[in-house]
Amino acid sequence: MSGILRGMSSQPTFSLSEWEHRFQNHLQEHASFDAGHDLEHIRRVVLSARRIALQEQAVLEVVVPAAWLHDCVVVPKDSPQRKQASKLAADAAVAYLLEVGYPEQHLQAIHHAIHAHSFSAGVVPETLEARIVQDADRLDAVGSIGIARCLMLGGSMGRALYHAEDPFGEEREFDDLTYTIDHFFVKLFKLPGQMHTMSAREEGEKRIGVMRQFLEQLRSEVE
């Protein structure tokens, strides 16, 4: 271990890929997940975050660990503590990174990126790295994987798939606490317009197209 720590102090020997293996192992051993926030979700967010970071020339040593650890603490969607989830995850992530000797100059930026990623927290991302992690996390809420995650979460919380008389909210107020499909309109369709990087917005709009096709097919089957 001491040899690893000595190597970390010299930038030329810093291996982010080796750290990623440690992050994954840490999550597999210590993290708790739910229907929409599992290890595969985290892997997808890491892939998107790395791709965007390379395009935007962001600091990978901040973006990558923040993406890996952004959901290291998961609070259920219907919990009164939900708005504190990203702060709890940020605190836990930095405590872990300090313990294992990750370069301290990145920890404040990592904390902010994790704290700001959450939609429900309402924290404005103030750095490029934080904006990228937020964009990557929100990309995973749209498209085909976004449909699957939304339906899984809705089912796990006992919500109906859709309103029987008005499935698509054409003559009523949307209520995504009761009807899963309503969440598309209340939140998910709005996400691309809230993304910060051009590549994320373009990919987000493409994925929204997939979701609208799904709703058209659903309409043909239920009406």
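How many disulfides (pairs of cysteine sulfur atoms within 2.5 Å) does the structure hold? The structure holds 0 disulfides.

The model is predicted, so local features need pLDDT of at least 70 and side-chain atom pairs count only at pLDDT 80 or more, whereas totals for chains, interfaces and linings use all residues. Residues are numbered from 1 along each chain as its sequence is written, and side-chain values use heavy atoms, with hydrogens and water left out.

**View 1. Cysteines C72 and C150.** C72 has a relative accessible area of 13% and is buried (under 20% relative accessible area, 1.4 Å probe, protein chains only). C150 is likewise counted as buried, at 8% relative accessibility.

**View 2. Helices α2 and α4.** Helix α2 spans residues 16–30 (helices are DSSP runs of H or I, at least four residues, numbered from the N terminus). The axes of α2 and α4, lines fitted to C-alpha atoms over the stretch in contact, come within 10 Å and cross at roughly 15°. The two helices are therefore roughly parallel (angles under 35 degrees, on a scale from 0 to 180 degrees between N-to-C directions). Contacts (heavy atoms within 4.5 Å) join L16, E20, F23, Q24, H26 and L27 of α2 to L60, E61, V64, P65, W68 and L69 of α4.

View 3. In α6 (residues 107–116), L107, I110, H112, A113, I114 and A116 are buried. Their cover includes α4 (60–69), α5 (85–100) and α7 (128–139).

**View 4. Residues 1–12.** The chain has a mean pLDDT of 89, with 91% of its residues at 70 or more (pLDDT is the predictor's confidence in each residue, from 0 to 100). Over residues 1–12 the pLDDT is below 50, and this stretch has 12 contacts beyond near neighbours in sequence. Where pLDDT is low, predicted coordinates should not be read in detail.

How values were computed
Buried means under 20% relative accessible area, exposed over 50%, partly exposed in between (1.4 Å probe, protein chains only). A disulfide is a pair of cysteine sulfur atoms within 2.5 Å. Angles under 35 degrees count as roughly parallel, over 145 as roughly antiparallel, 65 to 115 as roughly perpendicular and the rest as oblique.
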